[in-house]
Amino acid sequence: MVSAIVLAAGSGQRMGADLNKVYLELAGRPLLVYALEAFQEHPLVDEVILVYRLGDEELLTRVLAAGSFSKVRKKVPGGDQRMDSVVRGLNAADPLSQWVLIHDAARPLVSQTLISRCLEATMRYGAACPVLPVKDTISRSCEQEMLGESLDRSTLRAMQTPQGFHRPTYEAILEKTRLERRVFTDDSSLFHWAGRPVKLFEGASETLKVTTPEDLCLCEFFLLQRQGGKGPQRACFAP
Ligand code: CTP
Ligand code: MG
């Protein structure tokens, strides 16, 4: 059995809107609807656990009423940190669920192909994460914004979601982490810290995380592309 945990319990501070960014409009529909629909549609996903922010109940009810989300079996309030929200989602998943996909609701454009690839790699390796190569050079900033070490770009990857895990292993690791009182910002990093292999597979540009207002425009562009629209690839000069 497969459970998808959709995380929507953040506050979207970097977006600067007056409501949680997952309820902002993307091409006329709330952002949260897109990820829910993707997991609802996937034939191998049995249930969706929706982790929401306390205080967002009214918005959430409106979102769920606007579609048909029969797989959303449970709605649970999240915690202060993303990892707290993950734990609450995991606790709510069906006891028979062996595999979990953890997804940021702030990544609305998750395709059926990406979910399938994630599940395939997860079931084979025990844990899997979609990644993209990094385009910019990444460097550390030292005291007073002076340039520090520059990292080798060829080995760097930007992590995306959904990230998939063997649920019993994840729960055992979380128990260990609780005792060690360590904080992780990402599920795969936690797995890696526990000495478990995490398979990286190719992510998708369209699965970007909506963080600041311009990301919404980028998503609208990708939605247009999905509908067969042309990208901005116009030649300036005749060949
Ligand atoms: N999230 C969550 N619980 C938290 C924090 C984040 O469920 N305590 C979710 C967010 O709703 C989002 C995803 O985790 O879908 C990724 O987090 P991020 O992009 O950082 O979203 P926010 O924390 O909402 O944004 P910000 O950091 O700008 O406040
Ligand atoms: Mg955050």
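Me: Which side chain does the side chain of S3 make a polar contact with?
Reply: This is a predicted model, by the way. S3 is found in strand β1, and its contacts away from its sequence neighbours include E47, D94, S97 and W99. The polar contact from its side chain, at 2.6 Å, goes to the side chain of S97.

Me: Is S3 buried or exposed?
Reply: Buried means under 20% relative accessible area. S3 comes in at 0%, so it counts as buried.

Me: How many residues does the largest nonpolar core have?
Reply: L32, L36, F39 and L50 have the most contacts inside that core. At least two of its residues come from each of β1, α1, β4, α2, β6 and α4. The total for this largest nonpolar core is 31 residues.

Me: Which residues does L32 touch, setting aside those up to four places away in sequence?
Reply: L32 is one of the residues with the most contacts inside the largest core. With those sequence neighbours left out, L32 touches V6, A8, V22, Y23, L50, L60, V63 and A105.

Me: Which element gives the most to the lining of the largest pocket?
Reply: That pocket has a volume of about 830 Å³. Of its 36 lining residues, G10, R14, R82, D104 and K209 are the closest to the centre. Two elements give two or more residues to the lining, β1 and α3 (82-92). The one that gives the most, with three residues, is α3.

Me: How many charged residues are in the lining of the largest pocket?
Reply: Sort the lining by residue class and you get 13 nonpolar and 14 polar. The charged residues number nine.

Conventions. Residues are numbered from 1 along each chain as its sequence is written. Chains are lettered from A and ligands numbered from 1 in the order in which they are written. This is a predicted model: local features need pLDDT of at least 70, side-chain atom pairs count only at pLDDT 80 or more; totals for chains, interfaces and linings use all residues. Side-chain values use heavy atoms; hydrogens and water are left out. A nonpolar core is a set of buried Ala, Val, Leu, Ile, Met, Phe, Trp, Tyr and Cys residues joined through side-chain atoms within 4.5 Å. Buried means under 20% relative accessible area, exposed over 50%, partly exposed in between (1.4 Å probe, protein chains only). Helices (H or I, at least four residues) and strands (E, at least two) are DSSP runs, numbered from the N terminus. Contact means heavy atoms within 4.5 Å. On a 1 Å grid over the protein atoms alone, a cavity is a set of points where a 1.4 Å probe fits but cannot get out, and a pocket is an open set with protein on both sides within 12 Å along at least five of seven lines; lining residues have an atom within 4 Å of a point. Grid points are joined across faces, edges and corners, and a volume is the space filled by probe spheres set on the points. Ala, Val, Leu, Ile, Met, Phe, Trp, Tyr, Cys and Pro count as nonpolar, Asp, Glu, Lys and Arg as charged, and the others, Gly among them, as polar. A polar contact is a pair of N or O atoms within 3.5 Å; within protein, one must be able to donate a hydrogen and the other to accept it, and residues adjacent in sequence count only if both atoms are side-chain atoms.
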